[in-house]
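Okay, thanks for coming, everyone.

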Amino acid sequence: MAALINVPAKARRGDVIEIRTLTSHIMETGFRHTVDGKLVPRDIITSFTCRYNGAEIFRADLFPAIAANPYLSFFTVAKESGKFEFEWIGDNGYSSTASASITVE
Amino acid sequence: MNAPVTRRNAVLGITAAATSFAVPSILRAQSAGRIVVVGGGFGGAACARALKRAQAGLQVMLIEPNKTFTSCPFSNEVIAGLREIEAQQFGYDRLAAEGITVAAQAATAVDAQKRSVTAADGATFAYDRLVLSPGIDFHFEALPGYDDAASEKMPHAWKAGAQTLLLRRQLQAMADGGTVAIAIPANPSRCPPAPYERASLIAHYLKTNKPRSKVLILDAKDNFSQQRLFEKAWKELYGDTIERVALSQGGRVTSVDPATRTIITEFGNYTPDVANVIPPQRAGRIAEIAGVADHTGWCPIDPVTFESKLVKNIHVIGDACLGGGIPKSASAASGQGKACAAAIVALLAGRAPETPRLTGVCYNTVAPGYGFLLAGNYQPKGDIFAEVEGGATSPVDAPRELRAREATEAERWFQIITADTFG
């Protein structure tokens, strides 16, 4: 499943807007063992970045204690029309991106 | 039969109790004892009855505002037009005939110091032990936009009766090709598998009457009880009629707008033709008034006696209590009511209550003649009830004959539990 993004389609200049993201990921901790005693290797998302018209406005580091399908919600100020770009990076070369547009009046 | 308890009698009762404290404890232990039970559902009615049957000398009063009880189990069939509401309704005449004083009142206040309950008309009833079986109330603050007025447009149908019939009428009025959305809250909630049974039976109604229509489940959970059984049945019986958006797909409903019949989730808006919104829940209001509900909105109890951990001499049973591993269901409430009655009888006699072992059984009917079940056994473990061995779930792969047999068993279960409680 692709990532879920919720960015308001429209906002007034100066509005504080909420951005929500959810991406499907197993977030395997690396601490669990299979029934025959083998360690299940760690497989997590390690970082998340959000850029607003190219400028980074939010970044998060993720750790094994974070549950599957990480959901992140944060706020920013609507300054100008344009694009939000989202990027998730993780173990085993994992990378996923998404984007959403906003019209600021 | 006991004389009806009036305000005057109740005052006399308090006086009598005050006097009895002066006599030696051994005599007091033998005195009759006054038990007030608030709430006449599967838990409260079973408890009142078990108390009176265990000890005829007990004064047992049942406070319940509705003169007729409407059962939630099997009410999904009413919604789907497979059953009439009258088949869900039961009175309290037989309880009254057994010597239980039934007050058709809402309990509005509890004075734990004086040990008395106040009813809506101002009457007060004294107790030695109070049993609260108030079921659930809705936690409207947790779902902005939703309240009693909104439930007239977007019915919850999570308390059986007028709401059940409203949802049924909305389904009947919907044009073919419409979408019926069911918003499901996170646990704990009343009867966790019931929303999925409802989705199934609505799909059955649509398939039979409006085959181009859909059921859309917006779910605040990723996993649910008997999920594999439900999903297999959906595929088998309803193809792609039922679509489910789980928590991790953005299914959690965060608010509603009744004016436009819009359901708002974390990642999208939906405007279905029929919106069945089941709001988050908590213990019935009287639990909070009595001070037995904690920050979770539910009531922590001693699992052996069901006595509240917060207020002495008040016991909480049924959906309202924090039952640990026991799902909130009619069958659990009934078992808790009986176990609580046995514990109260023991406590009044100065004996140590026995450790209860409860059985909860939960039938789901996903189409006429297609049912399955989950049965569990529960025992106190530390502070809560824990599931112990001996439980069973219907196999995921089973011939239709078994599904048919379990659907018949479900009906039989309903007859038995309602006869046991009200008949």
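So, how many residues of chain B are in contact with chain A, and how many of chain A with chain B? It's 5 residues of chain B against 7 residues of chain A. If you sort the chain B side of that contact by class, you get 1 nonpolar, 3 polar and 1 charged residues. Keep in mind throughout that this is a predicted model.

Let's start with chain A. UniProt, in an unreviewed entry, puts a feature called "domain: Sulphur oxidation protein SoxZ" at residues 8–100. That span of chain A is 51% strand and 0% helix, and its end C-alpha atoms lie 9 Å apart.

One piece to look at in chain A is an open sheet of 3 strands, in the order β1-β3-β6, with antiparallel pairing. β1 (4–6) and β6 (71–77) of chain A are at the edges with a single partner strand each, so each has one side with no neighbour in the sheet. From one strand to the next, the twist averages 15°. Zoom in on β1(A) and β3(A), the latter being residues 16–22: they run antiparallel and are joined by 3 bridges.

Now over to chain B. Chain B is divided into domain 1, which is 7–137 + 282–355, and domain 2, which is 144–279. Taken over C-alpha atoms, the centres of these two domains of chain B are 33 Å apart. Their contact takes 19 residues from domain 1 of chain B and 19 residues from domain 2 of chain B. On the domain 1 side, the most comes from helix α4 of chain B (residues 75–79), which gives 5 residues. By class, that domain 1 side has 9 nonpolar, 7 polar and 3 charged residues.

Next, a helix pair in chain B. α7 (residues 194–209) and α8 (residues 227–238) of chain B pack at about 0°, with axes 11 Å apart. Angles under 35 degrees count as roughly parallel, so α7(B) is roughly parallel to α8(B). Who makes the contact, on each helix? From α7(B) it's B:Tyr196, B:Ser200, B:Ala203 and B:Lys207, and from α8(B) it's B:Phe230, B:Ala233, B:Trp234 and B:Tyr238. That contact has 6 nonpolar, 1 polar and 1 charged residues.

Last stop: UniProt, again in an unreviewed entry, has "domain: Flavocytochrome c sulphide dehydrogenase flavin-binding" at residues 355–422 of chain B. There the chain is 47% strand and 34% helix, with the end C-alpha atoms 26 Å apart.

Conventions: Residues are numbered from 1 along each chain as its sequence is written. Chains are lettered from A and ligands numbered from 1 in the order in which they are written. This is a predicted model: local features need pLDDT of at least 70, side-chain atom pairs count only at pLDDT 80 or more; totals for chains, interfaces and linings use all residues. UniProt positions are given in the numbering used here, feature names are shortened, and annotations may be inferred rather than shown by experiment. Helices (H or I, at least four residues) and strands (E, at least two) are DSSP runs, numbered from the N terminus. Two strands pair if DSSP finds at least two bridges between them. Axes are lines fitted to C-alpha atoms, for helices over the stretch in contact, and angles run from 0 to 180 degrees between N-to-C directions. Two residues are in contact if their C-beta atoms, placed from the backbone, lie within 7 Å. Ala, Val, Leu, Ile, Met, Phe, Trp, Tyr, Cys and Pro count as nonpolar, Asp, Glu, Lys and Arg as charged, and the others, Gly among them, as polar. Angles under 35 degrees count as roughly parallel, over 145 as roughly antiparallel, 65 to 115 as roughly perpendicular and the rest as oblique. Domain bounds come from an automatic or database domain assignment.
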